[in-house]
Number of protein chains: 2
Amino acid sequence: MEKILREFERIDDLQWKGLRIIQNSNMFCFGTDAVLLSHFAGIRKGDKVVDLGTGTGIIPVLLAGRMEDACIYGLEIQPDMVEMANRSILLNQLQSRVKIIEGDIRQAAEILGRGQYTLVVSNPPYKKLGTGLVNPQDVKNIARHEIMCTLDDVLLSASLLLKAGGRFAMVHRPDRMIDIIEGMRKVCLEPKRIRMVHSHVNKPPILVLVEGVLHGRPFLNWMPPLIMYDENQEYTPELKVIYHME
Amino acid sequence: MEKILREFERIDDLQWKGLRIIQNSNMFCFGTDAVLLSHFAGIRKGDKVVDLGTGTGIIPVLLAGRMEDACIYGLEIQPDMVEMANRSILLNQLQSRVKIIEGDIRQAAEILGRGQYTLVVSNPPYKKLGTGLVNPQDVKNIARHEIMCTLDDVLLSASLLLKAGGRFAMVHRPDRMIDIIEGMRKVCLEPKRIRMVHSHVNKPPILVLVEGVLHGRPFLNWMPPLIMYDENQEYTPELKVIYHME
């Protein structure tokens, strides 16, 4: 197992189906948002999936754990992350079902092919450029800020990758909701399902989970709020289910 | 008191500051949405307010109860409702601060004057025409369905009535959220504050409260969810406060 790790790297056990992920403390590490998105996306039998900006590969690994009969591509622009994510795929022996590909989200349709996918997921950079100090040399910032791609780039690539009727599922910040909704409609991804995520029931939402359908009929389905912690700071029963703790 | 009531009418005591409202069982009666909107709108000292589609006049009455130093106009297209709402204003001795005006929402700016108001509120018809059977002769349907005006009519009139920096507050159905957000931006009402209303914490939202600011800077502020009932079907503490029960 020594050979599989580089400096500053560690193997995190996902505590579910024996799945593990390699992470590097100096790079962007996955968070709750990736786990919530993997659950929200509702992967189906036979889905052909792309994860735009896959980072460590956590979303493809979790989706592969949820559904054996699916073919999943993770696209990532940072060569170091691609190389590390590929080692996680090998570590989990998922190489027949998951491929990590190096490439720019803005070229996703050229790289992976147009109109061939039934599900596109993304946990994209949340922060607009120009909001706060950013060092573009820092690899963590590529995952956090819209340095390499904007929200509209992600949405356009998703719509080009999907078949008509295909689903796009994304996790993002609630304060970008207007941009998300306007941007989705611009590329014919009709918003169909929204779920707000709250740390506590009496707090504003911290994340939004949104699903769009390419050329879908306009009808928006709101889900109950997803509350993470109860008043005793314990995970709520639903969050425990999502985290496979129950 | 007999003379103030017509056939099928009744006086409902609002159980707050001695305010009362005349309603007619055969016409549209106000609901929770009007009460929640009056609270959400956050009327300020000196506000000059228009309520688009005021119906019984419940929102002007509640706003006048919240803020003495404000001047409030209620616009209503149905002459019977205007006449009845005016009797409610007299009954509450609010005639110096609240005026009910007969007119079409689509002519609101011509009737009331452009760019002169700091707050526009509306509890408009929720249902798109073509969704379900509608008898356009039924006065209740004018309040429920987009017969006399559409969502976009309401938004355009609001933006014409407001001063720059003026606020628009509306209650609507969550399934119309995409239309609401797109429609608001089209008329330069930047969505700034959103609150989802849920009957119970584990249920999808039943209403959305949204505030926009004319020519506001894009930044969306999500509020905590407003939960109406607890698991014992009792009003939550917050709802009791909104209803002035505590």
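1. Ground rules. Residues are numbered from 1 along each chain as its sequence is written, chains are lettered from A in the order in which they are written, and side-chain values use heavy atoms, with hydrogens and water left out. Since the model is predicted, local features need pLDDT of at least 70 and side-chain atom pairs count only at pLDDT 80 or more, while totals for chains, interfaces and linings use all residues.

2. Interface size. Counting contact as heavy atoms within 4.5 Å, 23 residues of chain A touch 23 residues of chain B. About 2000 Å² is buried between chain A and chain B, with 73% of it on carbon and sulfur atoms; buried area here is the accessible area (1.4 Å probe) that two parts lose on being put together, summed over both. On the chain A side, A:Ile178, A:Arg185 and A:Trp222 lose the most area to chain B, together 31% of what that side buries.

3. One of the salt bridges pairs A:Arg185 with B:Glu182, with the closest N and O atoms 2.9 Å apart.

4. Who supplies the chain A side. Helix H7 (177-186) and strand E8 (189-198) of chain A are the elements that give two or more residues to the side touching chain B; helices (H or I, at least four residues) and strands (E, at least two) are DSSP runs, numbered from the N terminus. H7(A) gives the largest share, six residues. By class, that side of chain A has 16 nonpolar, two polar and five charged residues, where Ala, Val, Leu, Ile, Met, Phe, Trp, Tyr, Cys and Pro count as nonpolar, Asp, Glu, Lys and Arg as charged, and the others, Gly among them, as polar.

5. H1 and H2 in chain B. The axes of H1(B) (residues 32-40) and H2(B) (residues 58-66) come within 9 Å and cross at roughly 40°; axes are lines fitted to C-alpha atoms, for helices over the stretch in contact, with angles from 0 to 180 degrees between N-to-C directions. The crossing is right-handed, that is, the near helix is turned clockwise from the far one by less than a right angle. Contact residues include B:Leu37 of H1(B) and B:Leu62 of H2(B), and the classes are seven nonpolar, two polar and one charged.

6. H6 and H7 in chain B. Here the axes of H6(B) (residues 151-161) and H7(B) (residues 177-186) come within 9 Å and cross at roughly 35°. This contact has four nonpolar, one polar and three charged residues.

7. Salt bridges overall. The count over all chains is 28. Among them, B:Glu9 and B:Arg87 have their closest N and O atoms 2.6 Å apart. That pair links strand E1(B) to helix H3(B), 78 residues apart.

Key: A salt bridge is a side-chain nitrogen of Lys or Arg within 4 Å of a carboxyl oxygen of Asp or Glu.
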